[in-house]
Amino acid sequence: MQAKLLCKTGQLAGKEFLIKKDATIGKHPANDCVLDADIISGQHARIYFDDAESVFFVEDLNSRNGTLLDGKPVKYKEKLGELHVITFAHKFDFIFQRLKVSSERGEKSPAKTSKKIETPIEKTIFDQDDFIVPAIEGLSDGSKTVFDQEIAFPPSGLEGSSSPVDLEKTVRDQDVVPPTGAFETAKDAMQTRIDQDFFAPPSIPGVEPTAQKAPRVLTFLLQVSSINKIFELKEGENVVGRTDESDICLDQSSISRRHAIIRVEKGKVVLQDAGSKNKTFVNDEKIESPVEVGLDAAIRFGAVEAKLVSK
């Protein structure tokens with residue numbers, strides 16, 4: 001059995017490791033999966049396959065910043081299924097995927113055998129070489145079946161029609177002309193809702209029809225140009241700070257441990273300084289109280305410049 005670790009975002013984006021039986025993860029070069037980041041411990045975590053239970057396990061090796069499995073701290077060894085998100089140091093999200101390799105256990109698929117049973121097939125009357133189709137009454141050529149004959153329609157016109165029928169044509173080939181006005185009536189009657197430009201709901205007496213539109217939902221992003229990062233803001237409180245516990249971690253000397261708070265509520269973004277040492281600015285003006293921030297506003301946390309955008 002094999003598994004794969006893949007990091008999609010952040011400083012370690014693109015890192016991918018194949019885990020066969022047992023692998024350690026950490027910053028030290030002796031590890032099987034080397035993560036070169038300051039907040040990763042020398043030996044951070046371990047992923048291994050247990051033959052007795054036939055599953056993979058993950059365990060934290062007393063790392064400094066911990067390991068999360070699907071957002072929950074790994075205190076002891078945790079059993080892994082087919083697909084998980086494993087986070088190292090509360091910052092680097094890796095996708096764990098269990099790979100199915102049938103050849104590892106030496107399993108062989110049972111050979112498919114097919115036994116051909118030969119049974120004598122008796123010829124029917126239609127398989128005989130000397131079978132002749134009997135002549136059909138009314139048809140002169142006895143070598144043809146009813147399907148091979150050229151069947152002519154009766155010489156008289158169609159019932160209810162004043163025009164004669166072409167004997168060399170079938171009913172499908174006849175030129176049928178609908179009565180005047182029939183085509184327009186049928187076209188109007190057969191037009192469906194799909195043919196309409198729009199479908200209006202049935203009107204209710206005394207109630208004016210109103211156009212209903214789905215509410216437009218914006219997703220706000222904080223674009224930090226100085227470190228070339230983009231953070232997606234969640235609904236509610238987003239803490240900006242220098243520590244790993246912050247929602248928006250800016251590991252810069254001018255950033256306080258808890259620098260500012262960004263609140264997203266009902267499509268609005270409000271920025272508030274959290275008593276930081278180097279203050280928070282909007283359009284180069286220091287803010288002393290909560291301020292609503294619009295899109296493309298220039299924001300500065302200490303010396304770190306950022307901008308509010310949306311997707």
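The model is predicted, so local features need pLDDT of at least 70 and side-chain atom pairs pLDDT 80 or more, while totals for chains, interfaces and linings use all residues. Residues are numbered from 1 along each chain as its sequence is written, and side-chain values use heavy atoms, without hydrogens and water.

**Exercise 1.** Find which strands pair with β6.

Solution. Strands are DSSP runs (E, at least two residues), numbered from the N terminus. Two strands pair if DSSP finds at least two bridges between them.
- Start with β5 (residues 45-50): β5 and β6 pair in the antiparallel sense over six bridges.
- Here F56 of β6 is the bridge partner of F49.
- Next take β9 (residues 78-80): β6 and β9 pair in the antiparallel sense over three bridges.
- F56 also stands opposite L80 in β9.

**Exercise 2.** Decide whether β6 (residues 55-60) is largely enclosed or open.

Solution. Buried means under 20% relative accessible area, exposed over 50%, partly exposed in between (1.4 Å probe, protein chains only). Five of the six residues of β6 are buried, so the strand is largely enclosed by the rest of the structure.

**Exercise 3.** Name the edge strands of the open six-stranded sheet.

Solution. 
- Write the order: β13-β12-β22-β21-β18-β19, with antiparallel pairing.
- Read off the edges: β13 (229-232) and β19 (285-286) each have a single partner strand, so one side of each lacks a neighbour in the sheet.
- Check β19: strand β18 (residues 280-282) and β19 pair in the antiparallel sense over two bridges.
- In this pair F281 stands opposite K286 in β19.

Terms used:
Helix = DSSP H or I, 4+ residues; strand = E, 2+ residues; numbered from the N terminus.
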